[in-house]
Amino acid sequence: MFFTKMLIPTLREAPSDADIISAKLMIRAGMIRKLASGFYEFLPLGLKVLKKVESIIREEMNAVGGQEISLPLVFPKDLWIETGRWNTYGKELFKLKDRKEVEFCLAPTAEEAVTDLVRKEIKSYKQLPLMLYQFGSKFRDEIRPRFGVMRVKEFLMKDAYSFHVDESDLERYYKVMFDAYTNVCKKCGFKFRAVEAASCAIGGSFSHEFMILAETGEEEIAWCNCGYGANSEKAECLSIYQLKEEPLPLEEALAPNVEAVAKFLEIFQKKFIKTMIYKADGNPIIILVRGDHEINEIKLQILLDTDDIVLVDEQATVFSIVNSSLVFVDLVGHRDVKIIADLSVVEISNAVTEANKKGYHLKNINYSRDYSVDIVADIRKVVHGDICPKCKKENLKFSRGIEIGHVFKLGTKYSKSMNATYLDANGKENFIVMGCYGIGVTRILAATIEQSHDDNGIVWTDNMAPFNVVVIPVNYADAKIKEVTDKLYKELTSEGIDVLVDDRDERVGIKFKDADLIGIPYRITIGEKNLEKGHVELKARRDDKESVKLLSPQESSSEIIKIFNK
Ligand code: ATP
Ligand code: MG
């Protein structure tokens, strides 16, 4: 391809609303343009990279027996009513009507559509297992689209769905898909971690997220050298051993003044029991966590098997539930409302809490002697200083990550609600057991750049780069230079190498700047002086300025062919 024939509108400056480096570089390199908030256009260069990522993923999906399909982007409401998700999916679901007022949604994911296909076409155990996948646009009305194509309202996803006779076959295949995702990450050259993720009550039983390590990541990962890794939303908290003290008599003490309370909490917050009121499915519950801890609502959702939990924070509502005018109520005397305590709360000796009398604290509260609860469970967010739940030796470490892929064991959630069954060898009808596996193709581009760039621009891996090599004639109008350039181009392309020739009538400095910005892994420069000695320059984008090799045109093309046609 010749630069002058391709739409590559590079920019010196990124627009002011480009908020992270990958967004800036993708726009400056002429890969994408913004159409509206959350909607981006992919220009030829951007689309080329997207296609390369697509083919890396496709290769892995085919290798694990996947069959590629293509589902519509618009789904009928009826299917979403069957699974209940028409109402529970929330505001991210784009809904629309046709001219007859029939309702539809734009695909945010495709479990309903693919389960509908499978329930119609699969009848017997002999047709299982089955894995279907597609590359398709997904639409989500994100509340805050940002970070370029990292979080948008329309993006390209590879979504895959597997169908099995039983849980154990799903278990087997889940591992196969886990490995396939690992291969995709390796081929993309990522520094990554696959971590345990929280599957909400509605999402199925078990899942892993593939996280690209990057400071700009929206997710936090808790991990340990022993191999444990989890999204910090999910990370398990062990009860923290507290120094056991002799239980002292329970007393009601006048609470200190505001400054003293602050001081008091600073020192004693580990002894303080925070009391909060939630409503789960509309029913009040009292939640107890240690003063220095926060409630993890996702853990609470999973524990209570509902996604309908809300913190009750208005005094009037609290009052109506626990008959108190205080937000923090005392623990004693509210046995008509279910109490759930975090593991580390019940460990506290001689704890302190706000009394149900304004201006007073209760001191020396001890679990079982002074209060009891209905459930003791891990319901808090992991914090620095928490011990690894796997090896129980080292403290957890924390890193930021970008989620690029997610693998789920769905079980029979969708097959039950949509009645997708098969007949086993005995002619008995069973629900099909499912897995689903998503990977954000668009987001992979942004994540790659977050991990792989320098002051001059993007540094693509050989696998993902829009072109394998850029050939820069210092002056394409010069007959001799043109002849060598054209010959090199022909030779390389005939070997399947993807070549960009920068044939623009621009200063060589500008051509170098753009080549670095776009991030093409290799650059061959053809200049008059070197050519007189029979040389061209070969340089790798990853290497510094000094590492230029002087080679004959023939040698330079052999070297490139050797690299890419291994
Ligand atoms: P997130 O927590 O980032 O919103 P998610 O859990 O909603 O992601 P999934 O439903 O698991 O995402 O979708 C699979 C993949 O699709 C994600 O791993 C991510 O790579 C990509 N993805 C999800 N939402 C977006 C978005 N708004 N823009 C771009 N890519 C996205
Ligand atoms: Mg999301």
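**View 1. Helix 2 passes helix 6 in a right-handed crossing.** This is a predicted model, in which local features need pLDDT of at least 70, side-chain atom pairs count only at pLDDT 80 or more, and totals for chains, interfaces and linings use all residues. Helix 2 spans residues 44-63 and helix 6 spans residues 167-187 (helices are DSSP runs of H or I, at least four residues; strands are runs of E, at least two; both are numbered from the N terminus). The two pack at an angle of about 155°, and their axes are 10 Å apart (axes are fitted to C-alpha atoms over the stretch in contact; angles run from 0 to 180 degrees between N-to-C directions). Helix 2 is therefore roughly antiparallel to helix 6 (over 145 degrees; under 35 is roughly parallel, 65 to 115 roughly perpendicular, the rest oblique). A crossing is right-handed if the near helix is turned clockwise from the far one by less than a right angle, left-handed if anticlockwise. From helix 2, I56, I57, E59, E60 and M61 meet M177, A180, Y181, N183, V184 and K187 of helix 6 (contact: heavy atoms within 4.5 Å). Seven residues of this contact are nonpolar, one is polar and three are charged (nonpolar: Ala, Val, Leu, Ile, Met, Phe, Trp, Tyr, Cys, Pro; charged: Asp, Glu, Lys, Arg; polar: the others, Gly among them).

**View 2. Helix 12 packs against helix 15 at an angle of about 25°.** Helix 12 covers residues 479-494 and helix 15 covers residues 553-564, with 10 Å between their axes. This angle makes helix 12 roughly parallel to helix 15. The crossing of helix 12 past helix 15 is right-handed. On the helix 12 side the contact consists of V484, L488, E491 and L492, and on the helix 15 side of P553, Q554, S556, S557, I560 and I561. By class, the contact has six nonpolar residues, three polar ones and one charged one.

**View 3. Helix 1 and helix 11 cross at roughly 105°.** The axes of helix 1 (residues 21-28) and helix 11 (residues 441-451) come within 8 Å. The pair is therefore roughly perpendicular. Helix 1 contributes I21, S22, L25 and M26, which meet L445, A446, I449 and E450 of helix 11. Six nonpolar residues, one polar and one charged make up this contact.

**View 4. Ligand 1 has 15 residues around it.** R140, E142, R151, V152 and E403 come nearest to ligand 1 (near: a heavy atom within 4 Å). An N or O atom in the side chain of E403 lies 2.6 Å from an oxygen atom of ligand 1. A polar backbone atom of V152 is 2.9 Å from a nitrogen atom of ligand 1, and a backbone N or O atom of M150 is 3.3 Å from a nitrogen atom of the ligand. Each is a polar contact (N or O atoms within 3.5 Å).

**View 5. Two loops contain P129 and F147.** P129 sits between helix 5 (111-121) and strand 7 (130-139), and the peptide bond from L128 to P129 is cis, with omega near 0°. F147 sits in the loop between strand 7 and strand 8 (154-164). F147 is not a glycine, yet has a positive phi of about 60°.

Residues are numbered from 1 along each chain as its sequence is written, chains are lettered from A and ligands numbered from 1 in the order in which they are written, and side-chain values use heavy atoms, with hydrogens and water left out.

Technical notes:
A polar contact is a pair of N or O atoms within 3.5 Å; within protein, one must be able to donate a hydrogen and the other to accept it, and residues adjacent in sequence count only if both atoms are side-chain atoms.
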